[in-house]
Amino acid sequence: MTEIAGSSKTGLFKGFITSLGVGAMLFLGSCVNSSNYTYSSYSFPKGGEEQQPTGQVIGEGSVRVAMLLPFSGEGASASSVANLFRNTAELALSDFQDSDIQLIIKDSGGTTSGGQAAARAAVQEGAELIIGPVFANAVRGASPIARGAGVPIIAFSTDTNVASQGTYLLSYLPQSDTKRVVDFAIEQERRSFAALLPNNSYGAVVEAAFRQAVGSANGRIVSIERYTPGNVEDIRQKTTNISGLVSQVDTLFIPEGGGVPSYAMQVMTEVGANIGELKLIGSGLWNTPDVLRSPVLVGAWFPGPDNRNFDDFSNRYAQTYGSAPARNASLAYDAMILAAGLVRTAGVERFSEYTLTSRDGFLGVDGVFRFDRNGNSERGLAVYTITQQGKAETVSTAQRSFSY
């Protein structure tokens, strides 16, 4: 196993471009360029008697890290993701030998009050970093508690409204998705765009990113139609509206997954729109079997995390826990490996803003990523096309580092 890097006593990392190898996979490469930052550190919890950890505890290291997961959250999906992320964190710690971490697992319930209670218990038990929660409401509850104690959070919500200084989102954010796929379309000499967007908070975030991405490349937006999510008749009407302008459009953006993109293409065919030259583009929400198997979406493009390491990770998980993990399992793995790597290499600055917002970023299972000071993340994403075999084939590889 290759050591990640060493740190100086001043915390000014230079040439911090090394990696953690697990088997044949590259999981973590971290760079902290000291010339780019004003030092700003979180202080670790002090004062009062530190309580012994309660609940599930993994590892016996000297540095306590908490993971807040929705075990008692509403619906089967909440407990499912909680168990998935818990197992993934355990796998990460087993892969990172001698990590010096004691992981404390807490139930957030997926709610605001549950997030508050779980974060408060984590702080009282000496956690220096909180990983999770998963859902936005729980992040809202946990953030003020953690911020008051000087403990940073690496959460998994895709709602950028809960990102803030000290609360970082390690998730697949719609802004990154949108920019990547639009930029690629522009590179392929696509210039005139239309969009079919859900009329909700997700659609609003995507629309802002879409307008910015097209505008910055001097592209042209011909039409944006917003439909009521789940309302089939409204989706039909808004798609029909776009169909009337299709002669002016070379690219149609439909970010929602599920049955929406296939249905939209079906409607356009039924109303006689000339879609022969139209390129359909989507988002990371498309990376599901039902979308990939749709014959009317063959040739469409969508962005997604780098898959080059995920298959190996998935096989290791399946060998350990008996079934293949969901695609988002890599988020918890990357968060855990990042924490372990920084404990080993960054000394007292391990979870400071200075370290966590490195412009060089970190390299995980899903490729390169970095956080900004407002808590949002930026990713190196690939672009995939849907094949006739119902597979996602890479048409543009993800960047492996950040240039600036």
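Biologist: Where is Ser 283 found?

Modeller: Ser 283 sits in the loop between strand S12 (279–281) and helix H8 (289–292); helices (H or I, at least four residues) and strands (E, at least two) are DSSP runs, numbered from the N terminus. Before we go on, this is a predicted model, where local features need pLDDT of at least 70, side-chain atom pairs count only at pLDDT 80 or more, and totals for chains, interfaces and linings use all residues. Residues are numbered from 1 along each chain as its sequence is written, and side-chain values use heavy atoms, with hydrogens and water left out.

Biologist: Okay. Is Ser 283 buried or exposed?

Modeller: Ser 283 is buried, with a relative accessible area of 2%. Buried means under 20% relative accessible area, exposed over 50%, and partly exposed in between (1.4 Å probe, protein chains only).

Biologist: What does the side chain of Ser 283 reach?

Modeller: The backbone oxygen of Pro 255, at 2.6 Å. Leaving aside neighbours within four places in sequence, Ser 283 is in contact (heavy atoms within 4.5 Å) with Asp 177, Tyr 202, Ile 254, Pro 255, Phe 302 and Pro 303.

Biologist: New topic: what's the strand order in the open sheet?

Modeller: S3-S5-S4-S6-S7-S8, six strands with mixed pairing. Two strands pair if DSSP finds at least two bridges between them.

Biologist: And which strands stand at the edges?

Modeller: S3 (56–58) and S8 (167–169); each has a single partner strand, so one side of each is left without a neighbour in the sheet.

Biologist: In which sense do S6 and S7 pair?

Modeller: Parallel: S6 (residues 129–131) and S7 (residues 153–155) pair over two bridges. Ile 130 stands opposite Ile 153 in S7.

Biologist: Which strands does helix H10 touch?

Modeller: H10 (residues 329–345) packs on the sheet, touching S4, S5, S6 and S7.

Biologist: What about phi at Asp 100?

Modeller: Positive, about 65 degrees, although Asp 100 is not a glycine. Asp 100 is partly exposed, with a relative accessible area of 37%.

Biologist: And Asn 218, buried or exposed?

Modeller: Exposed, with a relative accessible area of 69%. Phi of Asn 218 is positive too, near 60 degrees.

Terms used. Axes fitted to C-alpha atoms, helices over the stretch in contact; angles between N-to-C directions. Polar contact = N/O pair within 3.5 Å; in protein donor to acceptor, adjacent residues only side chain to side chain.
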